[in-house]
Amino acid sequence: MNQALTDLQARDLRHVWHPCSQMKDYEAFPPIVIKKGQGVWLYDEHNHRYLDAVSSWWVNLFGHANPRISQALSEQAFTLEHTIFANFTHEPAINLAEKLAALAPQELHKVFFADNGSSAIEVALKMSFQYHMQTGKPAKQRFLALTDAYHGETIGALSVGGVELYNEVYQPLLLDTVRAKGPDCFRCPFQEEPTSCQAPCSQFVEEQLQAHHEEITAVIIEPLIQAAAGMKMYPPIYLQRLRALCSHYEVHFIADEIAVGFGRTGTLFACEQADITPDFMCLSKGLTGGYLPLSVVLTTDQIYNAFYDDYGTMKAFLHSHSYSGNTLACRVALEVLTMFEEEQVMEMIQHKGQQMRELAMAAFHDIPYVGEYRQVGLVGAIELVANRQTKEPFASEERIGYHIYQRALAKGLLIRPLGNVLYFMPPYIISEEEMSFMIQTTKETIEQFFQDRGAKVG
């Protein structure tokens, strides 16, 4: 996709350092300048349009430039845009906290505001640690996390992450995390099927808890989908096993629902499918429908009460961000939750999830390099393999997913690669025609890519 740079592209590359990018790649594949969005579509400076099949990094729920959310944001902006949140408060934050506490799994009554997903993880880790310091268990100074986990890219969040791509270079700076092998249903070591298994792989967590529970303060997990690991999906029973283990060994359960919350998995929160209540639940991304950064950590009265005392005891949770509880973001989040209530969103997700599954299974089933198509809710993932029988992966240096991603963009489709895995999770308002375009374009792009490599396809 070599091309002459536009003025905006040249100015971008002169100063902007883009996230999650090797900037040298931009020499041959410069950034696409987006000028506007409407519904599921993004429009570039040449008025070429792209179907945003990844909801702009999981955040968009109801389409770009949504009239209802934009109106609520505009009205709030002319009333109050932001205020200090220590010793002050405002109506949007109060209403939002009430609504979240009512919707969340039972017993999660307290809401702490932060401003992005990684910050929410830091809050949960620190709260868990401080709780144990203040309740007579000072030996609990470590966290347990799964292999291939992803929880953000600040130092604490990286410490509990397990994707080497992101944290290997920072190892000397990271916390000493206890690591347990996570679920891998596509290459299950027990030869089980996710629809019928009893999560025998939870024994890997139990082994670590048996050995280290006296020094572990919390276990952290992404419920139902380990996203950055390659969209590894696992059944709810694994969460039930984990909840029981955490209770038995007296360690906290931190549910990182930053990516999977707000309907992505087919229920408002992924934990609902396992009928469990975590000790901490971290939320962000879809919370504001893709408009503004905001995150929250919900927790129990029991944990809150361990911090509640006279000031001189120094038990307060002294953590803050300048934009904690930002008024605009809270007002937008409130509108998003009201839309869930008034527009039958969960029913829409169920219907479109089934539709997407049927289209995808029909489209990808016979492509020999598709090892598996998997889906939870409105999150779909295609794992490409060099050998379908042995499930042998392609070498990472080939960057198979990245090349297909580039080709799909040329066809007007924005999907994302995670190594050899391609994924899509469109905004919930995607139409039947748009969903067909998304699936068929992905199929054609994969087939053409392998045909150009000289492979026999179909």
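Predicted model: local features only at pLDDT ≥ 70, side-chain atom pairs only at ≥ 80, totals over all residues.

Analyst: Residues are numbered from 1 along each chain as its sequence is written, and side-chain values use heavy atoms, with hydrogens and water left out.

User: Why is Leu 8 called partly exposed?

Analyst: Its relative accessible area is 30%. Buried means under 20%, exposed over 50%, and partly exposed in between (1.4 Å probe, protein chains only). Leu 8 is therefore partly exposed. Leu 8 sits in helix α1 (residues 7-15); helices (H or I, at least four residues) and strands (E, at least two) are DSSP runs, numbered from the N terminus.

User: What does Leu 8 touch, not counting residues up to four places away in sequence?

Analyst: Leu 8 touches Val 33, Lys 35 and Glu 45. Contact means heavy atoms within 4.5 Å. Leu 8 and Glu 45 are 37 residues apart in sequence, and their C-alpha atoms are 8.9 Å apart.

User: What makes a set of residues a nonpolar core?

Analyst: Its members are buried Ala, Val, Leu, Ile, Met, Phe, Trp, Tyr and Cys residues joined through side-chain atoms within 4.5 Å. The largest such core has 114 residues, and Met 231 and Phe 262 are among those with the most contacts inside it. Helix α11 (residues 327-342) gives the most to this core, with 9 residues. Another core, of 23 residues, lies apart from it and includes Cys 282 and Val 297.

User: What makes a space a cavity or a pocket?

Analyst: On a 1 Å grid over the protein atoms alone, a cavity is a set of points where a 1.4 Å probe fits but cannot get out. A pocket is an open set with protein on both sides within 12 Å along at least five of seven lines. Lining residues have an atom within 4 Å of a point. Grid points are joined across faces, edges and corners, and a volume is the space filled by probe spheres set on the points. The count comes to 2 cavities of 30 Å³ or more. The largest cavity has a volume of about 100 Å³, and Cys 185 and Glu 192 are among the lining residues nearest its centre.

User: How many residues of the second largest pocket's lining are nonpolar?

Analyst: The lining has 19 nonpolar, 8 polar and 1 charged. Ala, Val, Leu, Ile, Met, Phe, Trp, Tyr, Cys and Pro count as nonpolar, Asp, Glu, Lys and Arg as charged, and the others, Gly among them, as polar. This pocket's volume is about 950 Å³.
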